[in-house]
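Try each task before you read its solution.

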Amino acid sequence: MRPLVGKRILDLSRLLPGPFTTLVLADLGATVDKFEDLGSGDYLRHLMPAGFDLLNRGKRGALLDLKHPAGRVAFERLLGSYDVLFEQFRPGVLERLGLGHDVLRTKYPRLIICALTGYGQTGDLMHRAGHDINYLARAGLLGSTGPEDRAPQPPGFQLADVSGGMWCVIAILAALAERDRTGEGRVLDISMTDGLLGFATATLASALTGASLARGTESLTGGIAAYNTYLSKDGHPFALGALEPKFWLSFCSAAGLEPRMEALIPGPHQVELKALVAQAIAQKTRDEWIAIQAKADCCLEPVVLPRDLRDDSFIKSRDLFFELPSARGPLPQYRTPVTPRDAEFTPPPKAGEHTRLVFQEAGFSENEIDELLRSGAVRQGE
């Protein structure tokens, strides 16, 4: 499934959110040209090289200085050969360079511009800097995480970044379909904070009706014994998700507990029930509980630690990791749900590796490319 074969994406993003977007688009068949500045480029190359490798397979790399007059002119000309401009600057950055959304859309009416930001192109916080934890905080998600008597704890994953990237993919696919019908592109304003609200549906449903409980006491935020984490006899963490009565009854039968149905309802009684469940799970080892769950079907699963994920039997059965040959040796990669299994991917590009090729395909002559190189507006890889 590679529906975007023939579509071209000019990517001005870095770090995690934008590169995740264009990773998915590249997996779906789009030609993704990753443009980096001539200074530090994509910070992830230096901060987390393995992360850069995971996010940038199948892309081409070019170096371009948008602050250089010749670079801006070349960039504007380049855009005529692309379907989508993907950018992750704060609002106003491109405008200050004379490359605002309205200017570019006027010149290229079919161009789709996807602008991914933390707080959106409008609103009180549009110009404010932020990271994943800030967006989680402003969207109400962080405020529902952890016990009430402590400050909310940062999660062990980047939900705003990755979900923001997923919303971009959805919006770009929809805009491409609309353009096929109307011939017109559009500007897509994707805010990572906006994209988080859907993940807060359970807590919002209570909060918007005035029935919300204290943090850490709702059913899905650690407030009930049937939906919580526990340790086995040998200290391995387990996640119990027996929300429905049939699963709770099945767990209680397997654990030798009295099936008290008030376990499914938040309240002060949960303190005692959590202690009972914790004591029951602590009676058996990790392997014993895995064997029990295989028969009981009670929504009890071992917590797979990051260091063990690649060798986990389920992950292996789904073939979710693979290796990509490169000049530096095999590069570990992960699959998204839409990564084709029958496609061959190129390794992540070196900075500027494809600068000349990208400009050639956009119609620049060899002399024009050489002049841009001499001027310092663009650069080739080492």
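**Exercises on aromatic rings**

In this predicted model, the charged end of R14 lies over the ring of Y43, at 4.3 Å from the ring centre.

**Exercise 1.** Find the ring that lies under the charged end of R8, and give the distance to its centre.

*Solution.* Start at the charged end of R8. It sits over the ring of Y82. The distance to the centre of that ring is 4.6 Å.

**Exercise 2.** Classify the pair Y119 and Y135: stacked, tilted or edge-to-face?

*Solution.* Step one: count the pairs. With centres within 6.5 Å as the rule, there are five aromatic pairs. Step two: take the centres of Y119 and Y135, which are 5.1 Å apart. Step three: take the planes, which meet at 85°. Planes over 60 degrees apart count as edge-to-face, so Y119 and Y135 form an edge-to-face pair. Step four: place the residues. Y119 is in the loop between β5 (112-117) and α7 (132-138). Y135 is in helix α7, 16 residues away. The pair thus joins distant parts of the chain.

**Exercise 3.** Decide whether Y119 is buried or exposed, and do likewise for Y135.

*Solution.* The cut-off for buried is under 20% relative accessible area. Y119 has 12%, so Y119 is buried. Y135 has 5%, so Y135 is buried.

**Exercise 4.** Describe the pair F359 and F364.

*Solution.* The centres are 5.0 Å apart. The planes are at 85°, and the pair is edge-to-face. Now check burial. F359 has a relative accessible area of 1% and is buried. F364 has 7% and is buried.

**Exercise 5.** Which residues form one aromatic cluster?

*Solution.* W248, F251 and W289 form one cluster.

Definitions and conventions:
Residues are numbered from 1 along each chain as its sequence is written. This is a predicted model: local features need pLDDT of at least 70, side-chain atom pairs count only at pLDDT 80 or more; totals for chains, interfaces and linings use all residues. Side-chain values use heavy atoms; hydrogens and water are left out. Rings of Phe, Tyr and Trp (its six-membered ring) pair if their centres lie within 6.5 Å; planes under 30 degrees apart count as stacked, over 60 as edge-to-face and the rest as tilted. Helices (H or I, at least four residues) and strands (E, at least two) are DSSP runs, numbered from the N terminus. Buried means under 20% relative accessible area, exposed over 50%, partly exposed in between (1.4 Å probe, protein chains only). A charge sits over a ring if NZ of Lys or CZ of Arg is within 6 Å of the ring centre and within 35 degrees of the ring normal.
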